[in-house]
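Please look through the sequence and the structure shown here before reading the briefing that follows. The notes are grouped by topic and are meant for a reader who is new to this structure.

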Amino acid sequence: MVRYRRNFVPGGTFFFTVTLADRTSSLLIDKVALLRQAFHVARSERPFKIDAIVILPEHLHAIMTLPEADPDFSGRWRRIKSVFTRQAVARGAPAKRSSRGEYSLWQRRFWEHTIRDDRDFERHVAYIHYNPVKHGLVKQVSDWPHSSFHRYVQNGIVPEDWAGTAESKSTAFGERKV
């Protein structure tokens with residue numbers, strides 16, 4: 001059996017995909033205020049920077065940078081998931097319990113990639129921001145409200161019409177062709 005090893009880099013920058021167990025759910029956007037609160041709680045306890053993020057109905061993508069000398073992104077995701085789950089369940093969100101008594105709202109694991117350089121960072125930010133278009137949720141990036149794209153526009157990093165419309169682009173934006 002292959003044993004996956006996470007790349008714990010103190011002060012590192014990482015791309016993540018974090019997914020709900022129910023891939024048909026829209027809980028993340030239905031309860032986006034609770035998700036923001038969960039991030040706030042986790043950041044107040046153990047700081048980190050969100051460089052880019054997009055919240056989709058049943059998953060999210062984020063680029064997170066950790067403080068120097070701190071490699072523990074797993075603990076931060078555990079805290080975000082835990083706070084969100086408790087708040088969402090308390091407000092009536094359906095969540096099954098596992099055989100161990102834990103809520104099984106989220107997939108147990110997450111996908112992570114260590115950002116290697118500026119080009120890698122830019123590619124992953126583009127992937128994050130274009131993801132709502134890729135999934136057919138909107139026709140252009142600026143139409144999706146739950147994205148750091150709007151902060152990038154406000155800070156003058158990209159124009160509001162960045163990436164055009166769904167009709168003008170391939171839906172494989174930011175991904176390798178196989």
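**Briefing: cores, fold and selected residues**

In the largest nonpolar core, which has 31 residues, the members that touch the most other members are L35, F39, W77 and F84; a nonpolar core here is a set of buried Ala, Val, Leu, Ile, Met, Phe, Trp, Tyr and Cys residues joined through side-chain atoms within 4.5 Å. At least two residues of this core come from each of β1 (13-19), α1 (27-30), α2 (32-45), β2 (49-55), β3 (59-65) and α3 (73-90), and α2 gives the most, with seven residues. The model is predicted, so local features need pLDDT of at least 70 and side-chain atom pairs count only at pLDDT 80 or more, while totals for chains, interfaces and linings use all residues. Residues are numbered from 1 along each chain as its sequence is written, and side-chain values use heavy atoms, with hydrogens and water left out.

**Cores**

- When neighbours within four places in sequence are set aside, L35 is in contact with L28, I55, L60, I80, F84 and W106, where contact means heavy atoms within 4.5 Å.
- In soluble globular proteins, nonpolar side chains tend to be buried together.

**Fold and overall dimensions**

- The chain has five helices and four strands, which are DSSP runs numbered from the N terminus (helices are H or I with at least four residues, strands are E with at least two).
- Along the sequence, these elements follow the pattern β-α-α-β-β-α-β-α-α.
- For 178 residues a compact globule would have a radius of gyration near 16 Å, and the 17 Å of the chain agrees with this; the radius is taken over C-alpha atoms, and the globule rule is 2.2 Å times the number of residues to the power 0.38.
- Taken along the principal axes, the C-alpha atoms of the chain fill a box of roughly 50 × 40 × 40 Å.
- Among the contacts in the chain with a separation of 6 or more, 70% are accounted for by residues 24 or more positions apart.

**Surface and charge**

- Of the 178 residues of the chain, 47% count as buried; buried means under 20% relative accessible area, exposed means over 50%, and partly exposed lies in between, with a 1.4 Å probe and protein chains only.
- The chain exposes about 10300 Å², of which carbon and sulfur atoms supply 50%; the areas come from the Shrake-Rupley method with a 1.4 Å probe.
- The chain has 29 positive and 19 negative charges, and their mean positions are 8 Å apart; Lys and Arg count as positive and Asp and Glu as negative, while His and the chain ends are not counted, and a charge is placed at NZ of Lys, CZ of Arg, CG of Asp or CD of Glu.

**Residues in loops**

- L56 is in the loop between β2 and β3 and is buried, with a relative accessible area of 1%.
- Not counting residues up to four places away in sequence, L56 touches L28, I29, H61, N131, P132, H135, L137 and W144.
- G136 is in the loop between α4 (118-134) and α5 (149-154), and it is exposed at a relative accessible area of 59%.
- G136 and A166 are 30 residues apart in sequence, and their C-alpha atoms are 8.2 Å apart in space.

**Positive phi outside glycine**

- A69, although not a glycine, has a positive phi of about 70°; A69 is in the loop between β3 and α3 and counts as exposed at 69% relative accessibility.
- A163 is also a residue other than glycine with a positive phi, near 75°; A163 lies in the segment after α5 and counts as buried at 11% relative accessibility.

- V153 lies in helix α5, counts as partly exposed at 25% relative accessibility, and touches V158, P159 and E160 when residues up to four places away in sequence are not counted.
- V9 lies in the segment before β1 and counts as partly exposed at 29% relative accessibility.
- With residues up to four places away in sequence not counted, V9 touches F14, L66, D70, P71 and T114.
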